Amino acid sequence: MFQSIYGIRGLRQVPGPELRQLAKRYGIEQAQLVQLDTSYRQFLTRQYNRDSVAVKNHYQPLQVSYYDATGQLRCFYVNCHAGGGFPNINWNYQGGLNQFPPAPQAPLDTILPLTTYLGYLRTPEGQLLPPQPATDYTVVVQWSRFMGRQSRRLIEATQRNGMLAQGQSVRLLFVSNDNLQAYVYEQQDRRDAARRK
């Protein structure tokens, strides 16, 4: 019942053609659409002893990372730190998105500089991203089909916030993490089944 109230759908892998159609419905430009490689899970696992709180935040299904021109994380929004709102997450709960770059919402960390992050992003067909010109900010939005309406609301909030970047160049990347989330749950199911034997 909780899932239906929040507009959450069943978790599963999303193939490239379906991802492109979904992105169109969510108002994501095709050039901004990428997906998160499942090897990102191993990266986060290796970071766990360094900063377990940061790893928990980077595992969340909905998040926005604002990187400056040097590739350092300057602002971080994560679903588990969003406040208020029922039955929808209120991404602008304290008005942080009324400016660009926004006021931080979640604790900043250093485990995922932009150059590292980009290494885990792929086109919907699975290719590495081509090099892009430098920008003042790169904004990386993790969303999913699984999170349904909440994803759409995060995408729209980020797009509105990007319009406030007067005189600054901004690159938006909308990263589907459905395949990663499904992979993580499949691995957990296998471990649980092995323990029950």
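In this predicted model, the lining of the largest pocket is made up of 8 nonpolar, 6 polar and 2 charged residues. The volume of the largest pocket is about 230 Å³.

**Largest pocket**
- A total of 16 residues line the largest pocket.
- Nearest the centre of the largest pocket lie Leu114, Leu118, Gln132, Thr138 and Arg171.

**Second largest pocket**
- The second largest pocket holds about 170 Å³ of space.
- Its lining has 15 residues, and those nearest the centre are Ala31, Gln32, Val34, Leu129 and Gln132.
- By type, the lining of the second largest pocket splits into 8 nonpolar, 4 polar and 3 charged residues.
- At least two residues of this lining come from each of strand E1 (33-36) and strand E6 (170-176).
- Strand E6 contributes the most to the lining of the second largest pocket, with 3 residues.

**Helices H3 and H4**
- Helix H3 (residues 40-47) and helix H4 (residues 52-59) have axes that come within 9 Å and cross at roughly 160°.
- Angles over 145 degrees count as roughly antiparallel, and H3 and H4 are therefore roughly antiparallel to each other.
- The crossing of H3 past H4 is left-handed.
- On the H3 side, Tyr40, Arg41, Leu44, Thr45 and Gln47 make the contact, while Val55, His58 and Tyr59 make it on the H4 side.
- The residues of this contact comprise 4 nonpolar, 3 polar and 1 charged.

Notes:
Residues are numbered from 1 along each chain as its sequence is written. This is a predicted model: local features need pLDDT of at least 70, side-chain atom pairs count only at pLDDT 80 or more; totals for chains, interfaces and linings use all residues. Side-chain values use heavy atoms; hydrogens and water are left out. Axes are lines fitted to C-alpha atoms, for helices over the stretch in contact, and angles run from 0 to 180 degrees between N-to-C directions. Helices (H or I, at least four residues) and strands (E, at least two) are DSSP runs, numbered from the N terminus. Angles under 35 degrees count as roughly parallel, over 145 as roughly antiparallel, 65 to 115 as roughly perpendicular and the rest as oblique. A crossing is left-handed if the near helix is turned anticlockwise from the far one by less than a right angle, and right-handed if clockwise. Contact means heavy atoms within 4.5 Å. Ala, Val, Leu, Ile, Met, Phe, Trp, Tyr, Cys and Pro count as nonpolar, Asp, Glu, Lys and Arg as charged, and the others, Gly among them, as polar. On a 1 Å grid over the protein atoms alone, a cavity is a set of points where a 1.4 Å probe fits but cannot get out, and a pocket is an open set with protein on both sides within 12 Å along at least five of seven lines; lining residues have an atom within 4 Å of a point. Grid points are joined across faces, edges and corners, and a volume is the space filled by probe spheres set on the points.
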